[in-house]
Amino acid sequence: MKVTPVPVCVISGFLGAGKTTLLNNILNGDHGLNITVLVNDFGAIDIDSQLLAKQEGNTISLKNGCICCSLQNDLVFELQALLSNPDGPPEYIVIEASGVSDPSKIISALKYPQIRDVFQIDSVVTLIDVQTIQDLEGDVKHLAMSQLDTADIIVMNKVADVSKADLQRIHDDWLYPSARVIETNYSDVPLDILFSLSGRSKALMDSSNLKHEHSHKGLFHTWHWKSDQQIDVTKLRSAIMKLPKDIYRAKGVFFSDAYPDERVVLQVVGARQEWSKDQYQNQDRQSQLVMISMKKEVDMSAIQEQLDDCVLGSIAK
Amino acid sequence: MKNMQNFSSTNCHPTMTTAEILLKNGKIYTVNSDQPWCEAVAISSGIFIGTGTYEELESLIDENTHIIDLQGQFVMPGLYDMHTHPDLALAPGYAGYLDIAKEDPTPSEVKDAILQYASENEERWIYGQYFVKYTFKREGIIPDRYWLDSFIKDRPVAIHDRSWGCILANSMALELANITKDTRDPGNGYIERDPLSGEPTGILVDGAYSLIYKAMPPTPSHALERAYRDGLNYQASRGVVGTKYVHVCEHRLDALKAIDEAGQMSARVEAAISWQDDIFPVKRRWELLAGERHYYRSSRLNANAVKFHFDGTHESRSSYLSTAWPGENKWRGGLNLTPEHITDMLVDLDRRGIRVIAHCTGDGASDLFLDAVAEARRVNGPNGVRHQCAHSTNLLDENLPRFAALNVTAEFSPVGWYPSSFAKARQSVGEERWPRMYNFKGVLDAGGIAVMGTDWPVSHINPWVGFEAMITRQNPLIDSDEVFSGVAVSIEEAIRIMTLNGAYAMGVEEKAGSIEVGKSADLIVLEHNPFEIEIRGKLHQTQVQLTMLQGQCTWDEIEVFTGSANEAVWKERPNF
């Protein structure tokens, strides 16, 4: 029996980068999800007191979820244990990586064969404190590189505290071509970008066939692309690598004669593109791609052209 | 030691009427209950031929006797470290593997370093460290087999990333390791694959890099020899005369034999052949166990033991417990081998006189191990083979008398029994088990044999740290009043654990381990008397001034043998 994998959001960043603020924003958010949070130790977190319900053993119960202080043990075992929770598996998991540990270890563990079918990485967010990042040296600098490397989305936090020029320097010194960056203060990250499952994020992805739509008080824009013809998947994969950097999420299904009984599925979360394929026997073989940006003016003409260029011709019936 | 070709036999033994060496004016703690203290010892042909006062031994002196005045220094039998791994700690660093010695190497620096190494080294494999994924991302390059293939196709390449979270291999390395789209992922790791084609990308994560190791040539013999030589050198400088190198293969045994033949085997070494291939492959395991191991045998070296990992670790909650882990309904930890496997193996090896050393951190694993030994006793009868329960992090109280009854040695490794990050992780086992952690005292009081192993590189190879901490159960390395759970042992008990009990665990207690007439002349001279100092914070810093094994000087800080035919084997302590 195929189970629906539990989505996992991993938050990394140094102490003081704003992880706890983000965590509080998440726990206070109206995403409608019951969230289980895994942290390294309770001492390092400072959860809004009105959210707390009770603390028992290594778990703090919250009004809309719980926090387990258990990352000091083996993450794989901890995650497996969550699945056998008598109240059922968690709806959504947020892992707050310790400020001193390498988040790539968490990401690797989530892909181990024993758990990769039951958990799915929804997003990996790395917060950077723009006030301090330029001063890092040695092992701490190495760790920052690993945090940035692992990130689907990089949150440059506290941007109001530095000049435009300094901000640009951080971009030049630290970021990479495929980086998806959100500049914020107070870790104010739109949760619809972080969570694929939140009500609005789902609504955005599943919405109608409009070519271009904007919603959520103008914060998000979506673009749709579709084709009834078969697709050159190899070409498509390199086209998707060139998505505009303002696209934070995308989701698509594609059909090709190379995969006659399957459909190719794409999930884009920030800088990460996740391809998969699954069995598909249905007659309806329309390829579709929906993309979400956070900026109003995104030049989609180039990507439109590249996507059109992946169309091979009519699908064999 | 093979190069001392002066063996004794029934009708042929060296005369022992006069002393070659006489140490006098010492405070000699013998660990012999019939004569706990003496002032002088006389040594001939590597054996104590007299212990007592100088006056009592005077008749053993002739014109060739080397008389050493200890000037009141403290002397005791040499130490035994019953579980350690110099090869694992040192050999990789000595192997001459590729080291891209740059702070944050860019892809082109990685490429240049690989090509330069390739041109300078004839070994087919190019293995080493490290690349940084982030620098590849900065340049928009994907670190995969195709990138490596683009400049080096004809030699296998495998490079670790900086955090050792993955290894990057080229197509030839994957091919030699037989890694294809059909290869199954190992536990605790995976082969990164193209999501649509399933083809390996060349990135192997965590446990998956062992797939590459298996295909690589073994650690070069020069690196293994240097590692063991440095390990022995360090151990001699800390007073170790007996040790177990737990986990060896045919290459490691070859390295140890080379050191033995060069006269540098400065401790009695028991080398335990790995039962599993989980650290490195043992290609000649069955030949070794069938009898090939005897080719390595000397008075200083034997390979009459095997080592296996029965369960996991407390840190990963894979220690196999007698009940479920805290917070779990069913999870008791994991066994790497079935109890039936262990029982059959134990009965078989026991019959052949081979010691079985079992990694058992959880109280459930040691319970099963003792059951297997009990079955071996039932089938084979009492035969004197002493098996060894390694680590023994947690033992059930009910099992304490079984160590004596079944003649099993309980071995404890130090970083666990004083407050340290390891010990704290091990406390996750639940409060009710805390009093039973590292229960030296329980084993001793029940009549059993407890020993200690440094388990380097898990903790440091200096045995004095654990020596102190088993008496204080406090962290010797930091100034803190925190005391670790469990019962401490007395200094007398600790000395016996470090000496005679070690000899017992190696099966040589009739010949060594205490200062007695007829026993091997093994002793150490210390800078201070442990009975007269404050143990806390002090004992672990003890400097060993002289180490002797079979009358041979292996370490000599006070230079009493300088210029003699018995000059110390080692002159300088390696800096680990």
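Predicted model: local features only at pLDDT ≥ 70, side-chain atom pairs only at ≥ 80, totals over all residues.

Me: Why is the pair of Phe254(A) and Trp275(A) called tilted?

Reply: Rings of Phe, Tyr and Trp (its six-membered ring) pair if their centres lie within 6.5 Å; planes under 30 degrees apart count as stacked, over 60 as edge-to-face and the rest as tilted. The centres of Phe254(A) and Trp275(A) are 6.1 Å apart and the planes stand at 40 degrees, so the pair is tilted.

Me: What makes this pair a tie between parts 21 residues apart in sequence?

Reply: Phe254(A) belongs to strand 13 (residues 247-254) of chain A and Trp275(A) to strand 15 (residues 272-279) of chain A, so the pair ties together these parts. Strands are DSSP runs of E with at least two residues, helices are runs of H or I with at least four, and both are numbered from the N terminus.

Me: Why is the pair of Tyr228(B) and Tyr245(B) called stacked?

Reply: The centres of Tyr228(B) and Tyr245(B) are 5.3 Å apart, with 20 degrees between the planes, so the pair counts as stacked. Tyr228(B) lies in helix 8 (residues 221-237) of chain B and Tyr245(B) in strand 15 (residues 240-248) of chain B, 17 residues apart.

Me: How do you know whether Tyr228(B) is buried or exposed?

Reply: Buried means under 20% relative accessible area, exposed over 50%, and partly exposed in between (1.4 Å probe, protein chains only). Tyr228(B) has a relative accessible area of 0%, so this residue is buried. Tyr245(B), at 1%, is therefore buried as well.

Me: Why is Leu335(B) called partly exposed?

Reply: The relative accessible area of Leu335(B) is 25%, so the residue is partly exposed. Leu335(B) is found in the loop between strand 17 (301-309) and helix 11 (339-351) of chain B.

Me: What makes Arg252(B) sit over the ring of Phe280(B)?

Reply: A charge sits over a ring if NZ of Lys or CZ of Arg is within 6 Å of the ring centre and within 35 degrees of the ring normal. The charged end of Arg252(B) is 3.7 Å from the ring centre of Phe280(B) and sits over that ring.

Note on methods:
Residues numbered from 1 in each chain as written. Chains lettered and ligands numbered in written order. Heavy atoms only, no water.
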